[in-house]
Each structure stands twice: as C-alpha cells, then as structure tokens.
Amino acid sequence: MEPTSTKPYMIRALYEWCVDNGFTPHLMVAVDSGTRVPMSYVKNGEIVLNINYSATKDLMMGNDAITFSARFNGVSSDIYVPISAVRGIFARESGQGMFFDPEPQSAAQFEPTPGPSGNSPAPPPKGRPSLKVVK
C-alpha cells in the first residue's frame with residue numbers, strides 16, 4: 001500500500017500557522033475541469049482564494065479536496081478544489097507559505113465517487129443561481 005500524500009497535511013499545517021499568527025491564508029489554485037470556482041475570477045488558468053475563517057463558510061480541508069462556501073461580489077458560491085489543483089498556500093500579509101510542483105492531471109482523478117447509498121452525487125448546477133419565493 002502506498003503512503004498518503006503529505007500535501008494535504010502541509011496545507012492544513014500552514015493554514016493553522018497563518019491563523020495562529022493573525023495572517024490571512026490564501027490558496028493559489030490551478031483551475032481545471034475538476035475545480036469548481038467562479039470562472040469570472042480566474043486569470044491565466046489560476047485563482048487565488050482567501051480561505052480565512054471570516055471569508056468562508058463550512059471550510060473542510062480533506063485529503064482529497066478542499067470545499068467551502070464563499071461570497072464573490074455578494075453572490076454565494078460553493079467551492080471545490082481537488083488537492084492536486086492546489087499550487088500553494090501563503091499568508092497574504094507576508095507572502096510566506098509553501099508552493100507545490102504541478103501534478104499531472106488525469107480524468108480518473110475527477111470521477112465522482114459513489115455515495116453511501118451507491119448513487120453518484122448530483123452534478124454541480126450550471127448557469128447563474130436564482131432565488132424562488134416559497135409561501
């Protein structure tokens with residue numbers, strides 16, 4: 001059995017270091033088909049995300065992906081970043097952090113895994129979000 005990658009552990013450790021020192025942790029992410037971020041904020045195939053507790057909701061940093069909700073220009077977005085897409089984590093104020101070598105991407109990495117009931121998860125919604133009045 002192959003050991004788990006150290007990358008997600010390093011990301012979590014640097015996040016904690018940033019928070020402990022009063023810095024604002026940011027992720028640099030290479031955007032690809034497996035990444036869900038607001039595309040209007042992507043520049044040159046990358047996006048920088050503020051992952052401070054005050055900028056995110058339900059932040060989860062697992063061994064396979066980082067997920068959270070955040071507001072972009074007042075619009076809430078669900079963010080999904082595979083660990084393989086993370087290029088770095090750093091403190092906004094000092095620039096200190098860690099950057100990672102690009103990882104080769106394969107289509108198999110982005111296949112949804114079946115949930116506990118055996119059903120595949122629903123695909124992310126397409127288009128702009130809309131609100132509906134329910135009485």
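R92 and E93 form it, with their closest N and O atoms 3.5 Å apart. R92 is exposed at 51% relative accessible area, while E93 is partly exposed at 42%; buried means under 20%, exposed over 50% and partly exposed in between, with a 1.4 Å probe and protein chains only. This is a predicted model, where local features need pLDDT of at least 70, side-chain atom pairs count only at pLDDT 80 or more, and totals for chains, interfaces and linings use all residues. Residues are numbered from 1 along each chain as its sequence is written, and side-chain values use heavy atoms, leaving out hydrogens and water.

Aromatic pairs come to three; rings of Phe, Tyr and Trp (its six-membered ring) pair if their centres lie within 6.5 Å, and planes under 30 degrees apart count as stacked, over 60 as edge-to-face and the rest as tilted. One of them joins W17 and F23, whose centres are 5.4 Å apart and whose planes meet at 50°, so this pair is tilted. F90 and F99 make a stacked pair, with 5.8 Å between centres and 25° between planes. Here F90 is buried at 14% relative accessibility, whereas F99 is partly exposed at 48%.

Then there is the ring of Y9: the charged end of R12 sits over it, 4.7 Å from the ring centre (the cut-offs are NZ of Lys or CZ of Arg within 6 Å of the centre and within 35 degrees of the ring normal).

Key:
A salt bridge is a side-chain nitrogen of Lys or Arg within 4 Å of a carboxyl oxygen of Asp or Glu.
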